[in-house]
Amino acid sequence: MSVLVVAEHLRGQTRPITLELISAAQELEGPTTVAVIAKDPGALADQVGVTGVDEIVTVAVEQEEFENDVYREAVEQLIGDRSPAVTLVGFTVNSMGFAPALAAKLGLGFASDVFGLSRDGSDLIAERSFYGSKVSAEIEFPGHDQVLLMIRPTSWPPAEGAGSASRSELSATISGSRARHTEFQEVEAGDVDITTADFLLSVGRGVGEKENLGQFDDLAQKMGATLSVSRPLVDQGWMPNSRQVGQSGKTVKPKVYLALGISGAVQHLAGMKTSGTIIAVNTDPEAAIFSVAHYGAVTDLFEVAEELDKLYA
Amino acid sequence: MKVLVCVKQVAVLGDEVEFTEDERDVDPDYLDFALNEWDTYATEEALRIIEGAGSGEVVVVSVGDEDSEDALRRCLAMGADRGIRVEAEGRLDPIQVARALAEVVRAESPDLVFAGVQSSDSVQAATGGALAGLLELPSAAVVTKIELGDGKATVHRELEGGLVDVVEVDTPALLTIQTGINEPRYATLRAIKQAEQQEIDVRSPGDLGEPAYVMRKMFVPQKGEGAEMLDGSPAVVAQRIKEIVGERLT
């Protein structure tokens, strides 16, 4: 099955998802073409010349950084020119901007947040979650000769090893960019760096009220842990972004990650699932956090916190 | 000024699950329904823009069966002016939903179209983007700040790791709204009661096209491979946690 992988880059560096997409493409047995759309695609193209890539096609555009319209038009022309059976992009913020638009416009088979790929004869089968990650599903794309899939980050290992891809260029006509990048703004550095902590005590929606956060901060200190949080607590303005674990926060890999009252949204799991030892406490036995935890307890986090408080007194 | 907000009544699966006989969906008896969390932020942002402008209208639109009017009524109770439901039964993919929405947006020609970044049940993060594609509207995804200017808006897009991409987008535009952009207001009981009486404009969909994908099989994912469950009282669980932490940190 011919595959087109759309590379992603940021500030002159290929993003890790690109190499993961190349690994995912291997499930479909190729040939695999990787498209690099950039102002100066040459240097970026060198970064994706790994084992498994048959061809690297560069598309030179005026824009240094990602812009929606530029990618949409460039990828549309790539699909028109190469007719890939499957186009793979990351399930990333940038690709959310152009991939669904393109799939709708061209009437492609489409699914996002895909974490499994296989074939049944000549049929493509993708795996993704439904109902808040509580169930998985196999889906297929009857009636579509061309399919565009957005792939969940960290679902495949990055492809590696020197490859021998051929190089080519495609000149794309970009009619204009109606959403223009002006600058990047960094996240404000916080009082602590949660990415360097050996032990994170992480709390989520389960803490209920802002007033309850203090007791978990105290508990973290007693246990020798650093307090981190899941996204909802940052959205509420209870904690700064610098303490947030997950795709839109920090990716962490402490020796111990103790999650209290965190259900485990996909975006949260992506930021902590490679932690050394994960211990999760949640009242919902079906909580997705248990799928990555090494130890789990289905019980009330406040009661456990109270007992821990006594033990570390 | 008119802002159109696309909203969804999402399904919430409880602790237990049973599948339908064909194993292609969850038995509806096991589902609860609610307004998608992202859409409460999108509705709030629309209300603030109209309040800031001093005049205008917030129109909320949803695609689904009669039950999905609950989502629209939640938005009406927050302060949205009108609700429109596009009639649809059963499971639709995001591109089909976008096709159903596109006709309403064309008819309403709003200054801004909002959609939540994603729905909490399907997590496709695609309906808004697909709608922008069908309408050929300028768009930006995962927006955490909006400043309106003349014929354009300056928006913050939240990239992975929290890095902000500041983007200048021509308007009218479609923006997908991220949680945390504002603090959604609570509807008063009185407003909720009033919204129950409000007329919802029901429209029939046009051609929704071929589905973008078809369900083969739904199943409960294998979970907790290697996860050892700690049983016993909270005191026993806490003791075990202390032991595990002690072992792993040395």
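**Entry 1: the two chains**

Contact here means that the C-beta atoms of two residues, placed from the backbone, lie within 7 Å. I noted that this is a predicted model, in which local features need pLDDT of at least 70, side-chain atom pairs count only at pLDDT 80 or more, and totals for chains, interfaces and linings use all residues. Residues are numbered from 1 along each chain as its sequence is written, while chains are lettered from A and ligands numbered from 1 in the order in which they are written.

**Entry 2**

I followed strand E10 (residues 135-140) of chain A to strand E12 (residues 214-219) of chain B. They pair in the antiparallel sense over 5 bridges. Two strands pair if DSSP finds at least two bridges between them. I picked out two partners: A:Ile139 bridges to B:Met215, and A:Ser136 bridges to B:Phe219.

The open sheet runs E8(A)-E9(A)-E10(A)-E12(B), with antiparallel pairing. Strand E8 (116-120) of chain A and E12 of chain B each have a single partner strand, so one side of each lacks a neighbour in the sheet. Neighbouring strands are turned by 30° against each other on average, direction ignored. Axes are lines fitted to C-alpha atoms, for helices over the stretch in contact, and angles run from 0 to 180 degrees between N-to-C directions.

**Entry 2: a sheet of 10 strands**

I traced another open sheet, E13(A)-E9(B)-E8(B)-E7(B)-E10(B)-E6(B)-E1(B)-E4(B)-E5(B)-E11(B), and its pairing is mixed. Its edge strands are E13 of chain A and strand E11 (201-203) of chain B. Inside it, E7(B) and strand E10 (residues 173-177) of chain B pair in the parallel sense over 3 bridges. There, B:Val143 has B:Ile177 as its bridge partner.

**Entry 3: helix H3 of chain A**

I checked the length of helix H3 (residues 68-82) of chain A. At 1.5 Å a residue, its 15 residues should span 21 Å, and its end C-alpha atoms are 21 Å apart, which agrees. The expected span is 1.5 Å times one less than the number of residues. Its buried residues include A:Val70, A:Tyr71 and A:Leu78. A residue is buried if 20 or more other C-beta atoms, placed from the backbone, lie within 10 Å of its own, exposed if 12 or fewer, and partly exposed in between. Just after the helix, A:Ser83 takes a positive phi of about 45°.

**Entry 4: A:Ala172**

I found A:Ala172 in the loop between strand E12 (166-169) and E13 of chain A. Why does A:Ala172 count as partly exposed? The reason is its 19 C-beta neighbours inside 10 Å. Leaving aside neighbours within four places in sequence, A:Ala172 is in contact with A:Val59, A:Glu73, A:Ala74 and A:Gln77.

Technical notes:
Helices (H or I, at least four residues) and strands (E, at least two) are DSSP runs, numbered from the N terminus.
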